[in-house]
Amino acid sequence: MKKVILSLLCFLTVLSAQAQNSYNESLIDLARVYKNGMFGTAEPTKKTIKQLKEKNTSDSLQNTIPFILECVTVKSKILNKSFLTLPDDKTLQSVYIIREVSQNMREEDGPTNEKLVDSLLKSTIQRELLVDQYYNTLFTANGNKNQPFNLSKYDFNLDEYNLANDTEKGIFFLRCMSICGSTIWGFMNIPKPANTGKAMDFINKFPKINGQDYYRYTDLYFEDFQIVYNDSLQSYKGVFIDKYYDLMLNHLICMDK
């Protein structure tokens, strides 16, 4: 009887190791798909998509694969409520790792992708960073894959997306506003004088937040946390509320003109 139990335990250990290796390899595969397809009109081939789905029949990446594939799809539906809704912790971790590995693939002197995945899986990553990376990925994908920019039909109700508290709602809001601000930055900062007319055209395409204009959102008194930004550790609120104030200032200048 003891031999049977030991054999069963050995068998289960082998299966667990194989499942973990498959999961790690799939994260690297998805990171490569994301890296190669995140910009412009680039998309993964039907063969690549089929291989990914055939390779991953377990539950470990059931939410991650559709999310990443939607991020690299032209005319993406990444702003559907199913993607706007914050997913489970495993998916948040997977998306975070995929983004980190895709960035590592662009570095000449980084660690191997296998070592990076292993290291990140063993690390305790702050939840705020996981949430931030998820919405950073989502809004960046929409900006890259859906042109021309137009969010005027959207009204983001922050009570509908499984956001646990004001911090997570604030992250969603600030990442959305960061993308919106980037659409008018060039018109306000490159030409002299600023092209306020063109900038206002884009401002008129900004989304509503909780049924109101974006600048009426005020729930930004959540506890701050640190984020790596421009290769240094910085205050999250310091970076993104700064960007938000710049956006509102530019909006005010446009209205004044």
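Me: What makes a set of residues the largest nonpolar core here, and which members touch the most others?

Reply: A nonpolar core is a set of buried Ala, Val, Leu, Ile, Met, Phe, Trp, Tyr and Cys residues joined through side-chain atoms within 4.5 Å, and the largest such set in this predicted model has 73 residues, of which Tyr 135, Leu 138 and Phe 156 touch the most other members. Helix α8, residues 166-189, gives the most to this core, with 10 residues. In soluble globular proteins, nonpolar side chains tend to be buried together.

Me: How do you know what Tyr 135 touches?

Reply: A contact means heavy atoms within 4.5 Å, and, leaving aside residues up to four places away in sequence, Tyr 135 touches Leu 84, Thr 85, Leu 86, Tyr 161, Leu 163, Phe 172 and Arg 175.

Me: Why is Thr 140 called buried?

Reply: Buried means under 20% relative accessible area, whereas exposed means over 50% and partly exposed lies in between (1.4 Å probe, protein chains only); Thr 140 has 18% relative accessibility, and therefore counts as buried. Of the 257 residues of the chain, 43% count as buried.

Me: What makes β1 and β3 edge strands?

Reply: Helices (H or I, at least four residues) and strands (E, at least two) are DSSP runs, numbered from the N terminus, and two strands pair if DSSP finds at least two bridges between them. The open sheet has 3 strands in the order β1-β2-β3, with mixed pairing. β1 (155-156) and β3 (212-213) each have a single partner strand, so one side of each is left without a neighbour in the sheet.

Me: How do you know that β2 and β3 pair?

Reply: Strand β2, residues 208-209, and β3 share 2 bridges in the antiparallel sense, which meets the requirement of at least two bridges. Lys 208 stands opposite Asp 213 in β3.

Note on methods: Residues numbered from 1 in each chain as written. Predicted model: local features only at pLDDT ≥ 70, side-chain atom pairs only at ≥ 80, totals over all residues. Heavy atoms only, no water.
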